[in-house]
Amino acid sequence: MPYLMRDVPLANRVVMAPLTRSRARNSDLLPTDLHVEYYTQRASAGLIISEGVWISRDAVGWHDVPGLFTDEQVARWKRVTDAVHQADGVIFAQLWHTGSASHPDFFDGRPPLAPSAVNPGLLSPTSSGRQPTVEPLAMSARDVRQTIADFARAARNAMAAGFDGVQLQAGFNYLISQFLNRRTNVRTDLYGGSIENRARFLFETIEAVGEFVDLRRVGLKAGPAWSETGEFVSGPEALAESEYVLGRLNDYELSHLLLMGMVADPAGGPLEDLAGDGMFRHIRKVYQGTIIANVGFDQHRGNAVLTDDLADLVAYGQPFISNPDLPARFASHAPLAEPKRDLFYGPDAAGYTDYSLLEG
Ligand SMILES: Cc1cc2nc3c(=O)[nH]c(=O)nc-3n(C[C@H](O)[C@H](O)[C@H](O)COP(=O)(O)O)c2cc1C
């Protein structure tokens, strides 16, 4: 079933979710020939969202992830997007800044930059393993302006690299979420305090990106909550605040909202109504544009949310790791291969480009 996402025609409604795979094992954080092969193998997805890519050096917070902030990175990504287009695929770049979810090991010992000096209580995947996060440095007003400009430059770079659009990583526990979250943002300037102020960073980023990229090609990955870890624990105000933020997205003609269902069990808490498909049922009324449903879907449940009109597209993460031709498998109801979890994050072609296509 094809779909028109603003002005971008998609051949089917099966989206490849953004997947960090830590294969950029070079000091310049360049995508490699392996990336070309990996994404081309998956070009039959209606839409590929790339792994998260760094908007700047300061954004780094996961080992061996490629960037989009140098000319060489842009040139290397162009090889990926050319190959995907050659195979009739559509690919957006996910723009990522980890903020306080990073670690001093990525910055020669300096703590990462974040909205406020609040340790988010997470683990950071460095090249020497997962390490506890530390108290970050609070961004100055200048840092905030620079970071917004970095998002805009990375978006411009993504288009120069031939991507069909970009997706801002505004979910999980990363920088944009850290601004939105009242526990990790205790700023006293225009970017902190009320939810209107905490959302200012997001909306100024969207507007800055819009200076360079048609907003119909700019999507977001976001949602009210996800795993409820560290300082990312929803309070009684969480749902109303999310409704405010997601509702204001309607003011822009954006490409899409990739909406994550909850991983944590919300039973008995303030987000109880968002359990299971409750997330999509609820947010469908709040956000009027294209919604891509995600987290834990199989073909059956994916088709059900489309039939019930709770979403327009469905994103699959882990199934795409081990089934490069997932749409063809769905079409023929073929069995799915299981991903090798110990090879999710590297180091080489094993568990990355060696999953087979359906026979015949
Ligand atoms: C190995 C792996 C890497 C991931 N990397 C990213 C990422 O770079 N950006 C992002 O937004 N989500 C990332 N995710 C989350 C997925 O996009 C998706 O939301 C999640 O896997 C749930 O979908 P699934 O149940 O179909 O796998 C990652 C998930 C996995 C398993």
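Reader: Which residue in S11 does Leu 168 stand opposite?
Author: In this model, which is predicted, Leu 168 stands opposite Leu 220 in S11. The two strands behind that pair are S10 and S11 (residues 218–222), and they pair in the parallel sense over 4 bridges.

Reader: OK, and how many bridges join S5 to S10?
Author: There are 4 bridges joining S5 to S10, and these strands run parallel.

Reader: Is S10 enclosed or open, and why?
Author: S10 (residues 165–169) is largely enclosed by the rest of the structure, because 5 of its 5 residues are buried.

Reader: Which of its residues point which way from S10?
Author: Gly 165, Gln 167 and Gln 169 point one way from S10, while Val 166 and Leu 168 point the other way, and all of them are buried.

Reader: New topic: how many residues are in the largest nonpolar core?
Author: The largest nonpolar core has 98 residues, and those with the most contacts inside it are Val 15, Leu 95, Leu 259, Ile 292, Ala 293 and Val 314. Its largest share, 7 residues, comes from helix H3 (residues 141–160). In soluble globular proteins, nonpolar side chains tend to be buried together.

Reader: What is Leu 95 in contact with, leaving aside neighbours within four places in sequence?
Author: With those neighbours left aside, the contacts of Leu 95 include Val 53, Ile 55, Phe 151, Val 166 and Leu 168.

Reader: Then why is Val 314 counted as buried?
Author: Val 314 counts as buried because 25 other C-beta atoms lie within 10 Å, and the cut-off for buried is 20 or more. Val 314 is found in strand S14 (residues 313–316), and its contacts beyond four places in sequence include Val 15, Ile 292 and Ala 293.

Reader: Which residues come nearest to the ligand?
Author: Of the 19 residues around the ligand, Ala 17, Thr 20, Gly 52, Gly 317 and Gln 318 come nearest. The elements that give two or more residues to this shell are strand S4 (47–54) and helix H10 (318–322). The shell divides into 9 nonpolar, 8 polar and 2 charged residues.

Reader: Last one: what is the phi of Ser 22, and where is Ser 22 found?
Author: Ser 22 has a positive phi of about 55 degrees although it is not a glycine, and it is found in the loop between S3 and helix H1 (33–41). Because it has 18 C-beta neighbours inside 10 Å, Ser 22 counts as partly exposed.

Conventions: Residues numbered from 1 in each chain as written. Predicted model: local features only at pLDDT ≥ 70, side-chain atom pairs only at ≥ 80, totals over all residues. Near = placed C-beta within 6 Å. Nonpolar A, V, L, I, M, F, W, Y, C, P; charged D, E, K, R; others polar. Core = buried A, V, L, I, M, F, W, Y, C linked by C-beta atoms within 7 Å. Buried ≥ 20, exposed ≤ 12 C-beta atoms within 10 Å, placed from the backbone. Contact = placed C-beta atoms within 7 Å. Pairing = 2+ DSSP bridges.
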